[in-house]
Amino acid sequence: MQQNELPLVKQVLPEYKEVHSQVLQDVLKRLDKAFQNFFRRLGTNDKAGFPRYKGKNRYHSFTYPQSGFVIEGDKLRLSKIGNIRINLHRKLVGEPKTCTIIRKNDKYYVALVCEVEKPQVTLTNKVVGIDLGVAHLAITSDGEFFDNHKYLRKSEKQLKRLQRIVSKRKKGSNRRRKAVRLLAKKHEQIANQRKDRNHKISRILVDRYDLIVFENLNIKGMTKNKHLAKSIHEVAWRQLIEFTTYKAENAGKVVKLVDPRNTTQICSSCGAIVKKTLAEREHRCDCGYVAHRDVNSAINILKRGLSA
Ligand SMILES: [Zn+2]
């Protein structure tokens, strides 16, 4: 109904004529989606959370849902706006369908959603279990270790320092605003590093294995951890599972999540319980089986995935 009112709105408020009509329609689609989600949450145990009014300070992106944008070399032509020089991070694959302009930390980004052909499935007949850790981001049942981005530790320290500065500055002051902006930039940088790393690892896993088994983090119940370092790791783990899952779906492979309880203690060779403290990095069982603690755990995770 509101879409049908747009021509009338344009008559009363001529500035709306300067916006591409589909961009305006998309705003209403977003609003509709926000309400649909709200109504859906009402029926569940989730906190409903009424849709929030997005004033100009909260509205950070707009979308051309079908047309009105063309990419030519290093230029993006937007209807009603004009030519903009862009830095294309990778070659476009497939047919661009939607174009979203996003403002984030005083920088502008363009997100293009493209339609691509479904890739052919090439199976490898290999399966893997993944243990997620702090010292190493991911450890496989094949004994492979994937580390965090090498700059992450440094960034974490800088993050803590910036947070301290923000909390010391007076609320509402210009100096605090500046510090908040620096903190936001640091968060963004860390997020980009994490994303980059997780894209690479998930690509390797999906190319190499047909079945990838992770521990189900929701069962692990770590979300209540207030510790900064821990929460940073948990975000990374969740993202790795998320990236691997969607890449696997596109490649016709399978990701499974299993209950991680006791996977560190059980001997993956004989099934006996071998108690160990956090400091013990080695699994050494009376049956004679010796392995890196996390590799033993990854093998148990794989076993659960195969038997489930
Ligand atoms: Zn054993």
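Is Lys107 buried, exposed or partly exposed? Please also describe the sheet around this residue.

Modeller: This is a predicted model, in which local features need pLDDT of at least 70 and side-chain atom pairs count only at pLDDT 80 or more, while totals for chains, interfaces and linings use all residues. Residues are numbered from 1 along each chain as its sequence is written, and side-chain values use heavy atoms, with hydrogens and water left out.

Lys107 counts as partly exposed because its relative accessibility is 39%; buried means under 20% relative accessible area, exposed over 50%, and partly exposed in between (1.4 Å probe, protein chains only). Leaving aside residues up to four places away in sequence, Lys107 touches Ile102 and Glu188, where contact means heavy atoms within 4.5 Å.

Lys107 is placed in strand β6; strands (E, at least two residues) are DSSP runs, numbered from the N terminus, as are helices (H or I, at least four). The open sheet has three strands in the order β1-β5-β6, with antiparallel pairing; two strands pair if DSSP finds at least two bridges between them. β1 (61-64) and β6 (107-115) each have a single partner strand and stand at the edges, so one side of each is left without a neighbour in the sheet. From one strand to the next, the twist averages 15°; axes are lines fitted to C-alpha atoms, for helices over the stretch in contact, and angles run from 0 to 180 degrees between N-to-C directions.

β1 and β5 (residues 95-104) run antiparallel and are joined by four bridges. Thr63 has Thr100 as its bridge partner in β5. Across β1 and β5 lies helix α2 (residues 21-42), running at about 115° to β1.
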